[in-house]
Amino acid sequence: MIHALDEAAGHLGLYIGQPLANARAMCPDLKVFDADVVADAKTLSDIADWCDRFTPLVALDPPHGLFLDITGCAHLFGGEAALLQTLVRALGRQGFAVSAAIAGTSICARTLTRQASGTIVADGGEAEAIDRFPVSALGAGEAITTGLRRAGLKSIGDVASRAPGEITARFGARFSTLLAHALGQGDAPISPRKPLPDYIVEKRFAEPIATDTMIAMTLSRLADTLIASMEKQGKGARRLEAAFFRTDGVVRAIVVETGRPVTRSAVIDRLFRERLDALADPLDPGFGFDMVRLSASRTEIVVQEQRDLDAHAHDNDELAALIDRIAARIGGKRVIVHLPEDTHIPEQAVLAAPAQHHLAAAMQAEWPVRTESEPPLRPLRLFEKPEPIKVPFATVPDGPPHQFTWRRALHAVVRVEGPERIAMEWWRQDGKQLTRDYFRIEDAEGLRFWIFRDGLYEGEVFDGDGSPASPGWYVHGLFA
Amino acid sequence: MSGARQSALATLRGQIERIETAEVVHEHGRVALGHGEIDSVLKGGLARAAIHEVFCEGRQAAAATGFVMGLAGRVSARRPLLWVRQDFSEVETGALSMSGLAELGLDPRRVVTVRAADVESALRTSADALACDALGAVVLELWGETRQFDLVASRKLTLAAQGSGVTGLMLRMAAQPLPSTAETRWMLRAAHSPPGAAWSAWGAPRFDAELLRNRHGQCGRWIMEWNCDECQFSEPSTYPQPVAAAPAHRPDPAISWQRRAG
């Protein structure tokens with residue numbers, strides 16, 4: 001089946017959706033390439049990235065359309081006509097066949113691109129501009145288009161001349177809404193690919209920049225401007241995105257998140273330096289960047305505090321800044337704080353949470369109080385997955401082992417304390433788990449282990465034919 | 001030679017001297033560990049604003065961790081603690097458990113953990129962290145021999161620690177000591193619980209600590225106990241004490257080396 005075709009093939013009478021055999025019959029020397037839907041989508045998304053330079057509001061209209069909301073942006077590029085020309089030319093140079101149009105509503109503009117590329121329709125002129133086009137230009141789907149044609153409604157003007165009630169009754173409310181939007185009566189908002197950042201600053205270069213020094217300088221200047229505009233409204237940035245637009249159309253975005261709202265440009269500067277430094281695939285300037293954009297996509301109101309006298313608050317700020325720097329370099333998930341969880345199961349008793357977001361909570365967390373004058377009852381090092389040990393025998397079935405083999409080394413048990421029985425939480429639905437009996441153990445060398453027997457004797461563990469089996473032993477942690 | 005030039009030279013000399021001799025250490029003071037003999041050998045306690053190394057064999061990792069946590073608890077004085085560790089060490093010897101830390105009498109709220117993927121990023125993160133004066137201590141946990149932690153890396157860390165006053169503790173598991181700029185270097189093993197009745201309380205962290213290097217004093221080997229209630233080290237309570245106190249500057253190896261089977 002034909003997925004897409006070029007202009008010459010269109011002139012020969014081939015059409016999209018035609019079986020390939022029929023097309024070959026009409027045109028024996030047809031050149032055929034396999035369709036790659038994924039690559040097409042990727043290319044469309046890359047083009048959308050590139051279009052970010054015109055407006056932050058770019059929406060995908062699959063399979064091969066893009067909506068750009070250029071409200072308030074056109075004057076930056078010398079007006080609507082100039083913007084349209086720049087866009088079409090730049091994409092044309094890259095080898096894309098582009099049809100583009102500007103209109104008051106997105107649907108009207110899309111209809112125009114299918115019939116009259118390059119048109120710019122002023123507000124209010126939508127209905128007039130499209131009424132002579134065939135109904136297929138609306139893009140309403142095969143069934144509706146055929147239905148309209150059968151009803152004798154050839155052009156959009158024909159359809160528009162009927163009462164809306166009739167159209168809705170015959171073709172459904174969705175089509176009548178689409179038609180209304182195409183005619184400029186009401187508009188559906190486009191859904192941009194990225195949320196609109198709160199603050200954007202950008203710098204364009206007549207001569208593309210490529211050196212690290214220039215990039216760093218540009219970033220720090222942009223940071224100054226960004227901070228200045230945020231400061232006026234008492235905001236600080238929590239999430240910053242730097243987008244580098246390469247001359248050949250590739251766009252690279254780098255995101256930095258912070259635990260506290262940033263209000264100093266030096267901090268932004270440093271975070272990006274760390275991030276750029278640590279990139280696994282470094283920023284490749286190619287033939288240079290012709291635009292750099294810095295945007296604050298998440299901001300927060302900054303509470304101004306009296307900090308000078310309170311050394312503790314200063315320390316906390318410093319710590320948060322350090323965490324941000326480390327997180328910028330090695331990733332936010334790798335810097336963690338610990339929060340207590342209300343459970344008896346040892347491996348779930350502590351929750352590791354990203355430090356950037358949970359630092360304050362962790363500093364005020366309530367940990368269980370330890371019993372005075374008792375030795376530690378929980379190990380200092382805990383294995384994420386308990387490691388199986390070989391226990392030859394235990395004198396009493398419920399008792400501790402006399403010796404065990406862990407990691408191919410034999411340990412003779414010298415001192416034992418236990419069992420401490422920890423039953424699994426039956427109210428949770430994550431499979432049947434066995435009751436554990438924990439023992440604190442010291443071996444002949446003085447090493448202290450936390451081992452447990454997984455399951456009760458003759459109660460919980462059974463082998464294949466239903467008779468009781470001996471439960472397994474595991475080492476779960478090591479005491480200091 | 002002009003006076004200005006001479007004074008510039010003198011300043012430079014002074015700077016070099018400070019870097020070389022690490023005398024800055026004394027500005028930040030020392031923290032007593034609680035073990036009398038060790039404190040006297042260390043001239044009052046563990047030096048702040050310096051690097052201390054703790055080595056151990058692979059299977060002694062938990063004991064060494066306990067010792068390092070004890071040192072960190074002593075020097076950090078209620079300030080945050082940054083624990084930098086390599087992904088690999090968690091597989092080998094388990095993750096640092098915050099419940100276990102709380103059981104040692106230390107505060108898990110002040111611990112921030114950094115999970116570094118490799119040695120380079122762990123080293124770089126520690127150097128950064130050591131320069132941040134809001135921290136009490138930085139612990140760098142590395143497993144196995146590493147080429148990256150050489151004299152240059154060690155010097156970098158020392159300079160950062162001296163600049164900020166933060167103490168750096170290197171926990172080197174399953175590794176052999178290499179030349180470094182550390183203030184002290186320890187070799188840690190677990191020690192037996194004191195002998196006693198089967199029902200008596202046992203299991204308080206007990207270390208067989210060997211001081212291999214001490215820039216400002218003698219070395220030696222002692223049994224230390226961590227007192228979870230008072231958050232400090234102490235002499236092993238139930239071990240027989242030497243009849244006469246060993247001279248502080250020259251610990252008698254015959255006394256401090258002895259170990260009793262449990």
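This is a predicted model: local features need pLDDT of at least 70, side-chain atom pairs count only at pLDDT 80 or more; totals for chains, interfaces and linings use all residues.
A salt bridge is taken here as a side-chain nitrogen of Lys or Arg within 4 Å of a carboxyl oxygen of Asp or Glu. Eight salt bridges are counted between chain A and chain B, together with 24 residue pairs in polar contact, both residues being at pLDDT 80 or more. Helix α13 (residues 311–330) of chain A makes the greatest contribution to the side of chain A that touches chain B, supplying eight residues. By class, the residues on that side comprise 31 nonpolar, four polar and 21 charged.

The contact involves 56 residues from chain A and 68 residues from chain B. About 5100 Å² is buried between the two chains, and carbon and sulfur atoms give 53% of this area. Within chain A, the residues that lose the most area to chain B are Leu380(A), Arg381(A) and Arg415(A), which together account for 16% of what that side buries. The chains are also joined by strand pairing: β9 (residues 381–389) of chain A runs antiparallel to β5 (residues 95–96) of chain B over two bridges. In β5(B), Ala95(B) stands opposite Leu382(A).

Chain B contains nine helices and 12 strands. Of its 262 residues, 55% are buried. Among contacts in chain B with a separation of 6 or more, 73% are between residues 24 or more positions apart.

Over all chains, the structure holds 44 salt bridges. One of them joins Arg193(A) to Asp52(A), with a closest N to O distance of 3.6 Å. Arg193(A) lies in the loop between α10 (173–182) and β3 (199–209) of chain A, and Asp52(A) in the loop between α3 (37–51) and β1 (58–61) of chain A, so the pair ties together parts 141 residues apart in sequence. Arg193(A) is partly exposed at 27% relative accessibility, whereas Asp52(A) is buried at 7%.

In chain B, the side chains of Arg221(B) and Asp208(B) form a salt bridge with an N to O distance of 2.7 Å. This pair links strand β11 (residues 220–227), which holds Arg221(B), with strand β10 (residues 206–214), which holds Asp208(B), the two residues being 13 apart. Arg221(B) is buried, with a relative accessible area of 10%, and Asp208(B) is buried at 0%. Salt bridges with shared partners also join Arg270(A), Glu274(A), Asp277(A), Arg329(A), Arg124(B) and Asp128(B) into one network.

Technical notes. Residues are numbered from 1 along each chain as its sequence is written. Chains are lettered from A and ligands numbered from 1 in the order in which they are written. Side-chain values use heavy atoms; hydrogens and water are left out. Contact means heavy atoms within 4.5 Å. Buried area is the accessible area (1.4 Å probe) that two parts lose on being put together, summed over both. A polar contact is a pair of N or O atoms within 3.5 Å; within protein, one must be able to donate a hydrogen and the other to accept it, and residues adjacent in sequence count only if both atoms are side-chain atoms. Helices (H or I, at least four residues) and strands (E, at least two) are DSSP runs, numbered from the N terminus. Ala, Val, Leu, Ile, Met, Phe, Trp, Tyr, Cys and Pro count as nonpolar, Asp, Glu, Lys and Arg as charged, and the others, Gly among them, as polar. Two strands pair if DSSP finds at least two bridges between them. Buried means under 20% relative accessible area, exposed over 50%, partly exposed in between (1.4 Å probe, protein chains only).
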